[in-house]
Amino acid sequence: MNELYPEQMYRHGVLRTTKAWRQRTERYRLVGSECRSCGTLWWPGRRICGKCNSRDVVERQFSPVGELVTHHVGQLPWYVPPVGGFEVYGDTRTMALVRLQEGVYVGPTDVVDCPPEKIRDGMRLRKVFRKLRREGNGNWQYGFMWIPDDTV
Amino acid sequence: MKRVAIVGVGVTPRNHAYMRDYDRRSWKDYVIDGAYDAIADVKKGFNARDIQYAVVNYHGETFMEAGGIGPVVADILGLHPIGVLPLCTNCTGAGVGLHEGYSLVASGRYDRVLVLGFEKGSEVLNGADVRALGGDVDYDYNFGYDHPTIQALLQAYAYKKWGTKKVLRAFAAYRMQSIWWGTRNPLAARWGVRYDVTLDELNAIIDRTPENGPIPTEFWARLPGNFTVEGASAAILVPAEDAYNYTDWPVFIEGVAYKTNAHLLSRQMYSQALGLERYDICDFASPHIAVEEAYKMAGITARDVDFAEVFESHITSLLPTLAATRVPEPDKLLDFVIKGETGPGGRLPTGTNGGCGGFGLTSGSNFSDHVYEAVHQMRGDTGERQLKKTDVAVIVGMQGEMASSAAAVLRNGRKGG
């Protein structure tokens, strides 16, 4: 709705506040799961172990550091625009796949706060908490991104 | 289990003459045209009312503002009160439909089943939703990733694994080959469409590309892209023992399978599910496992396969689906493509209708488009595209971000052949 079109627009997106809320531990703290039967780790978390099918699965918070496995620097103009709401991150974006210390992979995800030309596969990364995009009701949706880990 | 045969196939054209009126056609028009084309293709008389059950796939419910479409499909086709099973399994979904249709006939439950795939991508419920479909959504789309961005990341990994120039050379070779097939297929989106680039010109751009540097935008600008279109295609399935009552030229479904792996890239790289550990985001588990099962069911090996129709919208889908056929040696996969082994006269002619770049990318019907082409290749009526040896074909589909795959092995059943 806006001044020009005061009626409720009937087309609306898929983002839901409750959905983001349900996933908050995974999004905010990188909480996944660990199978107590076979020891397999998973992110995102799951209720049934995908390896041994045990239901004895508990939450496991993963380390906030990892290694860049592969990346792609995308620059506008692309042949399609960014996913709605992500325009705020500008016209250059580093997409990434990250391997955590525990061996679990996370991604697709973003590397930020680093010039693209300095990004190299194999570099150490640290998780940061960032705004992702604004939902239809005005709420911000949060999640993680990654920055170079210069603490080592 | 009964052996199953295809006795009729139908397709809506993707050429400009048909597609220029796309805004005048609804998804129902495509379904009707595809289904009744298949019905009319059954040479020895077949009435629509002979169909006992139908399986219909489309990309996803937000693609054309309708869900739960089974009763609607039965209605518009004049088939009430038969059951219609709707599927939304993206680009491999019509193959899932073939799998389900096969099972219904093989089990003896039904004797005449319609399998149809269709797409009406221009009536989307919501652009954002469409870009979310075919992904994990929770942990990719909601983190700002959709088909194009995930594909970019997949390609980056392919460059790293295989070498940038080699990947680009393979994709350029394959795409120009698709143009060759597509410009010789009167039903294809490329039919009569001019293109102004040669493989030599694309290779010259690749020569100037640094191995670890950015790919010139000129390459992507000149490389013919996917031709996204709409339409439908269909097949009529019957027990093999009845096939010659309907046609002198059935095609037998000797093997069919449908397998899944995770949608999320990170889980594809680190799948601890049994049997999936050895696959990464360059080769994907599902097509390999599906083809393996389809071959086993058909009692064949890669040596028996004459040609292939595979999902190949990007290099990142071509390589796993082609590798899954097991015809190219695993370490020579890209060389196989670069040397033209997937082209006319090659060891494994692939994408002979023109594929996504030539015939057209029509998500809900990709697999049934492949079936249509394979059946006509076996009948020997594909004109300039006609292959010499068409006894056995393998079809490999791919869903979404490489999360599932249907596969089928077809055998030429010409009477007395």
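Start by selecting the contact between the two chains: 48 residues of chain A and 34 residues of chain B take part in it. Keep in mind throughout that this is a predicted model.

**Stop 1: the interface**

Show chain A and chain B together. Between them they bury about 3500 Å², and 58% of that area is on carbon and sulfur atoms. How many salt bridges does the rule find across the interface of chain A and chain B? There are 2. To see a salt bridge, select Lys19(A) and Asp138(B); their closest N and O atoms are 2.8 Å apart. Polar contacts can be looked for next: the rule finds 12 residue pairs of this kind across the interface of chain A and chain B, both residues being at pLDDT 80 or more.

**Stop 2: the side of chain A that touches chain B**

Now hide chain B and colour the elements of chain A that face it. Helix H2 (24-29) of chain A supplies at least two residues to the side that touches chain B. So does each of these strands of chain A: E2 (41-42), E4 (65-75), E5 (92-100), E6 (105-111), E7 (124-134) and E8 (140-148). Which element gives the largest share of this side? Select E6(A), which contributes 6 residues. Colouring this side of chain A by residue type gives 24 nonpolar, 14 polar and 10 charged residues.

**Stop 3: chain A as a whole**

Select all of chain A and switch to a cartoon view. The chain has 2 helices and 8 strands. Followed from the N terminus, the elements of chain A run α-α-β-β-β-β-β-β-β-β. Of the 152 residues in chain A, 42% are buried. Take the contacts in chain A between residues at least 6 apart in sequence: 51% of them join residues at least 24 apart.

**Stop 4: Ser405(B)**

Move to chain B and select strand E9 (residues 404-412), where Ser405(B) has its place. Is Ser405(B) buried or exposed? Its relative accessible area is 0%, so Ser405(B) counts as buried. Next, select what surrounds this residue. Leaving aside residues up to four places away in sequence, Ser405(B) touches Thr92(B), Ala257(B), Tyr258(B), Lys259(B), Ser286(B), Pro287(B), Ala290(B), Val396(B), Gly397(B) and Met398(B). Among these, zoom in on Gly397(B): its backbone oxygen lies 2.4 Å from a polar atom of the side chain of Ser405(B).

Key. Residues numbered from 1 in each chain as written. Chains lettered and ligands numbered in written order. Predicted model: local features only at pLDDT ≥ 70, side-chain atom pairs only at ≥ 80, totals over all residues. Heavy atoms only, no water. Contact = heavy atoms within 4.5 Å. Buried area = accessible area lost by both parts, 1.4 Å probe. Salt bridge = Lys/Arg side-chain N within 4 Å of Asp/Glu carboxyl O. Polar contact = N/O pair within 3.5 Å; in protein donor to acceptor, adjacent residues only side chain to side chain. Helix = DSSP H or I, 4+ residues; strand = E, 2+ residues; numbered from the N terminus. Nonpolar A, V, L, I, M, F, W, Y, C, P; charged D, E, K, R; others polar. Buried < 20%, exposed > 50% of the residue type's maximum accessible area, 1.4 Å probe, protein only.
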